Amino acid sequence: MMRLPPFRHYRPRTVEEALAIMDGEGPEAAFLAGGTDLLPNMKRRQQTPRVLVGLSGIAELRGVRGDSRTGLRLGPMTTLAELVRDPAVRAAWPAVARTAELISTPPLRNMGTIGGNLLIDTRCNYYNQSYEWRRAIDFCMKKDGRVCWVAPSSPRCWAVQSSDEVPLMCVLGATLRLLSPDGSERTVEAAELYADDGIAHLRKRPEELLVEIALPPVEGRRATYLKLRRRGSFDFPVLGVAAALQLEGELVMSARIAIGGVGSAPRSSPEAEAFLRGRSLADEETIARAAELAARPARPLDNTDFHMSWRKKMTSVFVARALRELRAGVAATALV
Amino acid sequence: MAEGETAMQPAAGASGTTAAAAAPPPPSPRRGPPAPGPDSNQGNLDSHLRPPEALRVIGQPLRRVDALAKVTGVTRFADDLVLPRMLHMKLLRSPHPHARVVAIDTREAEALPGVKAVITGRDLPIPYGILPVSQDEHALALDRVRFVGDPVAAVAAVDEETALAATERIRVEYELLPPVATVEEALQEDRERLHERTAYANVHKAVSLRFGDVEEALASAELVREDLFFYEGNTHLPLEQHAALALFDADARLTVWSSTQTPHYLHRALAKVLAPLPASRIRVIACPNGGGFGGKSDPFQHEIAAAKLAMLTGRPVKICLTREEVFYCHRGRHPVLMQVRTGFRKDGTITGMHFRTLLDGGAYGSYGVASTFYTGALQTVTYRVPVYWFEGARVFTNKPPCGPKRGHGTPQPRFALEVHLDKVAHQLGIDPAELRLRQLQPPHSLTANHLRVGSMGLRRCIEKVLEGSRWHERRGRLGRGRGLGLACSSYISGAGLPIYWNSMPHSGVQLKLDRSGGCTVFCGSTEIGQGSDSVLATWWRRSWGIDPFAIRVVTGDTDLTPVDLGSYSSRVTLMTGNAALEAASRARALLARAVGAHLGVPPSRLVFAEQRVFDSEEPERGVSFAEAVELAEARFGTVGTTGSYTPPPAPGRYKGAGVGPSPAYSYTACVAEVEVDEQTGIVRVPKVWIAHDIGRAINPVLAIGQVEGSVYMGLGEALMEEMEYRPHRRLVHKMPSMLEYKSPTALEMCEVVTYLVEDPDPNGPYGAKEVGQGPLLPVPPAIVNAVHDAVGVYIDEIPLHPHKVLAALKAKAEGREPRYGPARFPPVRYPAPLEVGLPEPTPAQPAGAAALAGTGGGRRP
């Protein structure tokens, strides 16, 4: 079987303790949330931290507070399974709960956390492989090598943003609170946290700890997330379309669209959002045009499941379907 | 009393084959109306599972003898085994698709504390391979590696981490060779050859067999249709990864426990490679397999290397492969390109067929020669093909070797043939079901390629699925994006010939009765999850009326059990069944004589039932089964018998006739319903109706489980499964993991309505035929035909990726040929055809009794 490399494991009880350990251990240490991604990656030697600071014992990082009027505050160690069934989340932002239900499999949702999902590593067919496999291709830029095999002449890594909740958090305008070992604290807009680079995909220092995710008050907005993947369970998204609209009847007052799985960061489309503002979704032409605009920044490459040009084609199809779903007001996050 | 009867009875001269050969041919098992057996339907399980009258065991949904252990996690698979002082083994594998091994330096690895031994190809220089004609593998690369993942060295160490660390300290110097990535490259003469012995270029095997004047038949046909198809390669994906444990004891005896489907063949390979260790000192024990599907039917490198390391270190050596390594073992479905050219009359009946195949075999022979013949063998057993020409070729490429996967070599041509017929039906305006029903191969007949068909329940199968799916009302009328498709198929119930030429039985059973009233059955067959242990236990209950749980089943142990060739080619129920029945009837005769003498009644009046042996005329007069055993033991000495089974001789006498013959053929018909999203090209399969002619369902619950499992696997092959490689990145496997090798989950699984059709075959035990593999075959073509019904395009290659469907829809919208599939068949230098000619009598007319002579071996209740 595949073996984990040796590491030391801490299980602090408070955020302060966790940050202190991180401060002491330095860059060889990593936070461990649910472990559903990090531990398999360690078996494949994609990541090789010497020290893991497990967060599961920190009670203050769990749970959901607030409601649709005040907005919600999610503890990052809330498991995805808890998020799926949380009444406050389901009442305020049902798309968040339904999206959590689209992640991986039931057993992994019992371990995986919302914080872990938002900070999950980017993925690539050339990277999510064993050490021996990667050695056969002389490794890749993201780990141990120099070339990005997806686009060998490219100076950057093209690993794919693969969290389902990230595009949704971006369109909801969620904010993330980060604490540093030196005591400093900052709050960032979700959309600002992600950078379009497969390696440096988070604008966050490794020692910073995500301590809270804040979802804004609902204020009449509706959101949805459509996921494209091969199977109804288990798979990471190869395309994820999140959309949030403020509607008066079928008239769009404001729109936000973010697309996951088609680049190293979620792709937003200010053009599509601006185009939609003040237009009616009753007009299929509007939906088609917005979908085409929103799909433009999508750059799927040959490093996930499915044919890449087909994934590109599907981007506008899925944006259109998301807009139609929001127009209908049927709160159903379609499984694909 | 004869002395000879007291001990294990020799089987010689008493096997069913010779005994029945002289007997008059049995009458057709079909008497009057279609088989009266229970047509089982999931929707109405209880009523359909009621056994035929007078059979209280056969046809009963009995609980499996191994069920409790399996569901409570008690079953010990190979990786669960632990021995004192056990070492762990790791293999170093090649990172190159094609290279010469120039030098290997293991000193640094050997110096690592905890490492006990390191071996390389030089320690195991003798080649081996499953087929006698393809002895082209080495346990560890001798001088050349042929795919990324080919093992080069093996380490035994005190734990897995140390063994792994040691493999990283082995220095291998390679001289890189240009890899052969594709079939087209393999056909080119100027490419580096993977093996010295080839037909030409990297063509491993090329064959051409002609049965009758095909060109004349095509020239005189009213319609000739030619189509190209491609079936992508895919792998077995058993849940259990291969594992092996080897022990070399103080008496210089080697024992290997392994997750193997074929302990006998592994035994032979070990004896060859580990020479001069005699075969009599090697014992192979097949552990229950957590799924096999054909993927555990070859002798594997890790089994041989673990054995060698156990011999060198004197300590037990164990390995459980990683999932990635299982992908490198592969031996899965061959990718096959196919060209089918058929002549038809206006009524849709076939006048002659020319079928060409081209297989990408990967790096080694494995079962490939047999696989190649199988791509041409079974086209003839479903519909009348008066004259037939088959050309097949298999090439070597620098990828993990292909081999047998559920359906071995036949799902690919079946896919082509069934879609081809659907196209012809549309072209001629004939209902595809009607087109098939018009030309079914008759029961008890010979085919153009000299295969003897026995019972043939395909008509009934087609009728069942048409009725279940309401075909005539619903086909073509389901609305936009929805459709129904039909396909049929047939499969062997065990290969008629063994892998290595010999005239010994294919299956042997010994049994021992003891004074407790229990008995132990010894058989070389292997439980791979299909329920063979249970079926084995069933025969005794039927013969003696004793509880199957009083029967100990000892299987798959080359020291303890007589040879059974293994759990492959759907052979176990028929072959071990016949052997078991023979052993049982012999033991029954001994017991009846002893009890008859004791009670003073003729043995023929005795009944074995309800754990008793009693007088049928005075049922209260009798003894318990245990007492019957005591009486027999007192009279004859220790009570044990044997039984064995050899398939009837195949009628074909030409070179290549070894592949295709079987004691009996199962038949399947399938209707699939699909939903096609025309915007995305995504195909969903909500429901499948499938009818399988099983001859006789020994245990309908197990049989339905096999049908559903086959549908699942066929669905995966049709919709998503594929072995993909990166031709420009060292030919690495694109995604050797369970996450990224896409196989359906429970959510993608369709609803399945199963009908078990029972058309008993004279060669099957109680008429039973196979069910483990055949029901997979019609699923992919039924789905493709349903897609055509739904949206009017043919996808002539699987898997049915959505981009292919969209491309075909686009072609249709633009007025081009509404299809997606291969555009050309590369020029292959097939040999000049071997003009076999047609058998006598010709297959056009149903063969009479003459065709049935020598079909003994079967036994009817």
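In strand 25 of chain B, B:Gly643 is the bridge partner of B:Val509. This is a predicted model, with an ipTM of 0.95 and a pTM of 0.93.

**Strand 19 and its partners**
- Strand 19 of chain B covers residues 507-513.
- Six of its seven residues are buried, so the strand is mostly covered.
- Strand 19 of chain B runs antiparallel to strand 25 of chain B, residues 640-645. Six bridges join the two.
- Strand 19 of chain B also pairs with strand 20 of chain B, residues 519-523. That pairing is antiparallel too, over five bridges.
- In strand 20 of chain B, B:Val521 stands opposite B:Leu511.
- Strands 19 and 20 of chain B form a hairpin, with five residues between them.
- B:Gly517 sits in the turn and has a positive phi of about 90°.

**A closer look at B:Val145**
- B:Val145 lies in strand 4 of chain B, which spans residues 144-145.
- Is B:Val145 buried or exposed? B:Val145 counts as buried because it has 27 C-beta neighbours inside 10 Å. The cut-off for buried is 20 or more.
- Leaving out residues up to four places away in sequence, B:Val145 touches B:Ser94, B:His96, B:Ala99, B:Val101, B:Asp150 and B:Val152.
- B:Leu176 is 31 residues from B:Val145 along the chain. Their C-alpha atoms are separated by 9.6 Å.

**The whole chain**
- Chain B has 21 helices and 34 strands.
- The C-alpha trace of chain B spans about 85 × 75 × 50 Å along its principal axes.
- Chain B has a radius of gyration of 27 Å. A compact globule of 861 residues would have one near 29 Å, so the value for chain B agrees.
- Buried residues make up 61% of the 861 residues in chain B.
- Among contacts in chain B with a separation of 6 or more, 81% join residues 24 or more positions apart.

**How confident is the prediction?**
- Chain B has an average pLDDT of 91, and 91% of the residues score at least 70.
- Over residues 1-53 of chain B, the pLDDT is below 50. The model still has 98 contacts for this stretch beyond near neighbours in sequence.
- Residues 842-861 of chain B also stay under 50 in pLDDT. Here the model has 60 contacts beyond four places in sequence.
- Where pLDDT is low, predicted coordinates should not be read in detail.

Note on methods
Residues are numbered from 1 along each chain as its sequence is written. Chains are lettered from A and ligands numbered from 1 in the order in which they are written. This is a predicted model: local features need pLDDT of at least 70, side-chain atom pairs count only at pLDDT 80 or more; totals for chains, interfaces and linings use all residues. A residue is buried if 20 or more other C-beta atoms lie within 10 Å of its own, exposed if 12 or fewer, and partly exposed in between; C-beta atoms are placed from the backbone. Helices (H or I, at least four residues) and strands (E, at least two) are DSSP runs, numbered from the N terminus. Two strands pair if DSSP finds at least two bridges between them. pLDDT is the predictor's confidence in each residue, from 0 to 100. Two residues are in contact if their C-beta atoms, placed from the backbone, lie within 7 Å. The radius of gyration is taken over C-alpha atoms; the globule rule is 2.2 Å times the number of residues to the power 0.38.
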